[in-house]
Amino acid sequence: MTTRILSELNIPIIGAPMAGGPSTPELAAAVSRAGGLGMIAGALLTPDALAAQVDSVRDHLFGVNLFLPEESTGADVDAYAAQLRPWFDKFDVEPGALPRRDDYYTEKFDWLISNPVPLVSSTFGTFTADEVARLHSVGTEVWATVATADDASVATAHGVDALVVQGPEAGGHRGTFDGSAPEAPLADVLAAVAAVSSLPRIAAGGLMDGYDIAPLLNSGAAHAAQLGTAFLDTPEAGTRAVHRAQLAVATRTAVTRAFSGRPARGLENDFMRENSEVAPLAYPDVHYLTAPMRAKSAAANDPSALSMWAGTGFARVQNRPAAELVAEWATQLGR
Ligand SMILES: Cc1cc2nc3c(=O)[nH]c(=O)nc-3n(C[C@H](O)[C@H](O)[C@H](O)COP(=O)(O)O)c2cc1C
């Protein structure tokens, strides 16, 4: 079971899109040159910035990931902002305002239709059947990130070509369509998805090398793997210095809505410990609310109030070029 893009890869490894800084065109190009597939993280970029990043990797096979826009959940974001006042005071910032709820989704999507790319993947939902048809009509393959069997059923019905199946071990946001954070491990999610969809599955979550990936491929549980955390400390990644330093000393990760209003896994810090219980489900409202505080925390090299997304395998990150890592994992996979 494969797709056009998957069959073109020498090594069935995808460098995960990592919005917010860690993904760079250099990282995507390095993964693709090494025989895997590099991804451009299209979320949280202006349409112009996305266009510039995409146009800089057109010599390679690559994909683009978009977050689907979220409707307001009606949660009381003002009450949460009031609770965060001591944190805003500590960093001498005001609560951030919501610039646009939709992350320029329509502009970015239309640009990808006018300037086609090999692959587009969705996160926080699936493209509509009409959007999938538009992408197909310009020769673009379409994947959807799913985290439950229900997500997989919807995406399959909309006509996507493959499913990125994300387990709860994954760093960054949970890709569930409804903002929930189920805890069944990756292997169980893969099996549940296989029971409802015959599409190829790209496994994501907690995979740090070829030895982690091999059993999933050999058993047929997955057809490829998407790794994020394993690339966070490569020189090509845009990961901040404070985030890299904490990867080496942190003791655990946790899932929280405290920074963005959607469950995401990151290195546990004081802000998460204090606010995870009360944070509402309200993305991207909470993301923008905490943005000034997170920026100040990062600029001060202070890890206490910064989101440092990472998966459960973070202790095994390696500070080595991406191409070296992909080559080593290929050897471990017997390729
Ligand atoms: C820093 C960071 C940012 C992420 N940003 C995105 C993103 O923009 N889009 C997306 O689909 N997934 C994103 N993810 C999740 C990855 O696609 C993938 O599911 C995850 O990295 C797999 O788990 P791992 O980190 O244990 O390898 C992000 C993950 C991390 C660690």
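Biologist: In what order do the strands of the eight-stranded open sheet come?
Modeller: Keep in mind that this is a predicted model. The pairing in this sheet is parallel, and the sheet is open, with the order E1-E9-E8-E6-E5-E4-E3-E2.

Biologist: Which strands stand at the edges of that sheet?
Modeller: Look for strands that have a single partner strand, so that one side is left without a neighbour in the sheet. Those are strand E1 (13-15) and strand E2 (38-41).

Biologist: By how much are neighbouring strands of this sheet turned against each other on average?
Modeller: Direction is ignored for this one.

Biologist: How many residues of E5 are buried?
Modeller: Take the two faces in turn. On one side Glu 141, Trp 143 and Thr 145 are buried, and on the other Val 142, Ala 144 and Val 146 are buried. That leaves E5 mostly covered, with the buried count at six of its six residues.

Biologist: What about helices on this sheet: which strands does H6 touch?
Modeller: H6 packs on the sheet, and its direction makes about 160 degrees with that of E3. The strands it touches are E3 and E4.

Biologist: At roughly what angle do the axes of H6 and H7 cross?
Modeller: Two packed helices are described by the angle between their axes and the distance between the axes. Helix H6 (residues 105-114) and helix H7 (residues 129-137) have axes that come within 9 Å. Their crossing angle is roughly 30 degrees.

Biologist: Which elements are included in what covers the buried residues of H2?
Modeller: Helix H2 (residues 25-33) is mostly covered, as seven of its nine residues are buried. Among them are Leu 27, Ala 28 and Val 31. The cover includes E1, E2, H3, E3 and helix H15 (322-332).

Biologist: There's a three-stranded open sheet too; which of its strands stand at the edges?
Modeller: This one is antiparallel, in the order E7-E11-E10. Two bridges join E7 to strand E11 (residues 264-267), and His 173 stands opposite Ala 264 in E11. The strands with a single partner, and so with one side left without a neighbour in the sheet, are E7 (172-173) and E10 (253-256).

Biologist: With which residue's side chain does the side chain of Asp 233 make a polar contact?
Modeller: Asp 233 is in the loop between strand E9 (224-227) and helix H11 (241-249). It counts as buried, at 13% relative accessibility. Not counting residues up to four places away, it touches Arg 244, Val 317, Gln 318, Asn 319 and Arg 320. The polar contact, at 3.0 Å, is with the side chain of Arg 244.

Biologist: Last one: which residues have the most contacts inside the largest nonpolar core?
Modeller: In soluble globular proteins, nonpolar side chains tend to be buried together. Here the largest nonpolar core has 70 residues, and a second, separate core of 21 residues includes Ala 254, Ala 258, Phe 259 and Met 293. Inside the largest core, the ones with the most contacts are Val 64, Phe 127, Leu 163, Leu 227 and Phe 231.

Definitions and conventions:
Residues are numbered from 1 along each chain as its sequence is written. This is a predicted model: local features need pLDDT of at least 70, side-chain atom pairs count only at pLDDT 80 or more; totals for chains, interfaces and linings use all residues. Side-chain values use heavy atoms; hydrogens and water are left out. A nonpolar core is a set of buried Ala, Val, Leu, Ile, Met, Phe, Trp, Tyr and Cys residues joined through side-chain atoms within 4.5 Å. Buried means under 20% relative accessible area, exposed over 50%, partly exposed in between (1.4 Å probe, protein chains only). Axes are lines fitted to C-alpha atoms, for helices over the stretch in contact, and angles run from 0 to 180 degrees between N-to-C directions. Helices (H or I, at least four residues) and strands (E, at least two) are DSSP runs, numbered from the N terminus. Two strands pair if DSSP finds at least two bridges between them. A polar contact is a pair of N or O atoms within 3.5 Å; within protein, one must be able to donate a hydrogen and the other to accept it, and residues adjacent in sequence count only if both atoms are side-chain atoms. Contact means heavy atoms within 4.5 Å.
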